[in-house]
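Subject: Structure handover

Hello,

Please find below the structure I am passing on to you. My notes on it follow.

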Amino acid sequence: PAQGLKIVTTATMAAPAVPRCSSTRFHHVHGANVRMDPTRTQATRVESFAHGLCFSREPLAPGQIFLVEIEEKERGWCGHLRVGLTAHDPQSLRAVPEYSLPDLASLGDTWVFAITRSHNRVAPGAEPRAPGTLPEPFLRIERLRIPRDPLVGRSRPGRYSHLLDSLYQLNVLPATARRSRIGVLYAPQPDGTADMHIVINGEDMGASARGLPTARPLYAVVDVFASTKSVRLIQVDYGLPSLQTLCRLVIQKHVVHRLAIGGLALPPALRTFCME
């Protein structure tokens, strides 16, 4: 029995546990210009370009990704979405700051970064995927493993989508584009601290901040700022990829572009799923 207990403990240390299904919502505390939908999974800034701060409803678990998709853009503003983590319980804030940068960050114990058009597609040193090969089904960040498919932003099939398919096959949907998916998580370190990672369309951008205090709860921060007008939360299932997902990967590999999927003899539900 003692030996069995030791084995379980070692396994637990080797792979930090994350929820099998990360059911997340936005916190009821948010910026003055934010309107939430009834499910608290979509946040829209209804006026101005500021007062768009949002938080996760609960603190994140180690390795749990808080993932949003850009639903709507607004022309005429400079700047884009900002994401990060904070050790401040949103409920404890005397007032929600107007901006994540510099206002919330100036309170301390907050790590927020602005997403830009020029964000790298992959972390430094990563090897590009060979043409015609299927992507690795899991994104690996240190000892963490997250299903890649829900992390990847995709365009909606349309008149000109074939012009973009070569980009989506390489996961290079621009970071600030509509349908782009951006997430934040923290990876525990042996010294008891954590590294914060930002994930853009299924690619790890590397450690954006180090030395985060894991002894305190860490909430996700999403600032619906400037040209980003609306974001939607994406729920991530941490189990094995579904058969439907694996079918999509194989089918998309063998077509010229996604519009061609519409002519395949597939069940309607699978056809729609493969064209996403």
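Arg82 lies over the face of Phe225, at 3.8 Å from the ring centre. A charge counts as sitting over a ring if NZ of Lys or CZ of Arg is within 6 Å of the ring centre and within 35 degrees of the ring normal. Arg145 is placed in this way too, with its charged end over the ring of Phe138, 4.0 Å from the centre.

Before the rest, a word on the source: this is a predicted model, in which local features need pLDDT of at least 70 and side-chain atom pairs count only at pLDDT 80 or more, while totals for chains, interfaces and linings use all residues. Residues are numbered from 1 along each chain as its sequence is written, and side-chain values use heavy atoms, with hydrogens and water left out.

Aromatic rings

The structure holds five aromatic pairs. Rings of Phe, Tyr and Trp (its six-membered ring) pair if their centres lie within 6.5 Å; planes under 30 degrees apart count as stacked, over 60 as edge-to-face and the rest as tilted. One of the pairs is Phe49 with Trp77: the ring centres are 4.8 Å apart and the planes are at 40 degrees, so this pair is tilted. Phe49 lies in the loop between strand E3 (42-45) and E4, and Trp77 in the loop between E5 and strand E6 (82-86), so the pair ties together parts that are 28 residues apart in sequence. Helices (H or I, at least four residues) and strands (E, at least two) are DSSP runs, numbered from the N terminus.

Phe49 is partly exposed at 27% relative accessibility, and Trp77 is partly exposed at 35%. Here buried means under 20% relative accessible area, exposed over 50%, and partly exposed in between (1.4 Å probe, protein chains only).

The rings of Tyr99 and Phe225 have their centres 6.1 Å apart and their planes at 75 degrees, so that pair is edge-to-face. The pair links distant parts of the chain, 126 residues apart: Tyr99 is in the loop between E6 and helix H2 (100-104), and Phe225 in the loop between strand E13 (219-223) and strand E14 (228-234). Both Tyr99 and Phe225 are buried. Phe49, Trp77, Tyr99 and Phe225 form one aromatic cluster.

Salt bridges

The count comes to 11 salt bridges, a salt bridge being a side-chain nitrogen of Lys or Arg within 4 Å of a carboxyl oxygen of Asp or Glu. Glu69 and Arg179 meet in one of them (3.5 Å, N to O). Glu69 lies in strand E5 and Arg179 in the loop between helix H3 (165-169) and strand E10 (181-188), so parts 110 residues apart in sequence are tied together. Glu69 is buried, at 1% relative accessibility, and Arg179 is buried at 13%.

Glu69 also has a salt bridge with Arg232 (2.9 Å, N to O). Arg232 is in strand E14, so this pair ties together parts that are 163 residues apart in sequence. Arg232 counts as partly exposed, at 25%.

Glu71 forms a salt bridge with Arg179, with the closest N and O atoms 2.8 Å apart. Glu71 is buried, with a relative accessible area of 16%. Glu69, Glu71, Arg179, Arg181 and Arg232 are linked in a network of salt bridges.

Cysteines

There are zero disulfides, a disulfide being a pair of cysteine sulfur atoms within 2.5 Å. Cys54 is buried at 0% relative accessible area, whereas Cys78 is exposed at 74%.

Regards
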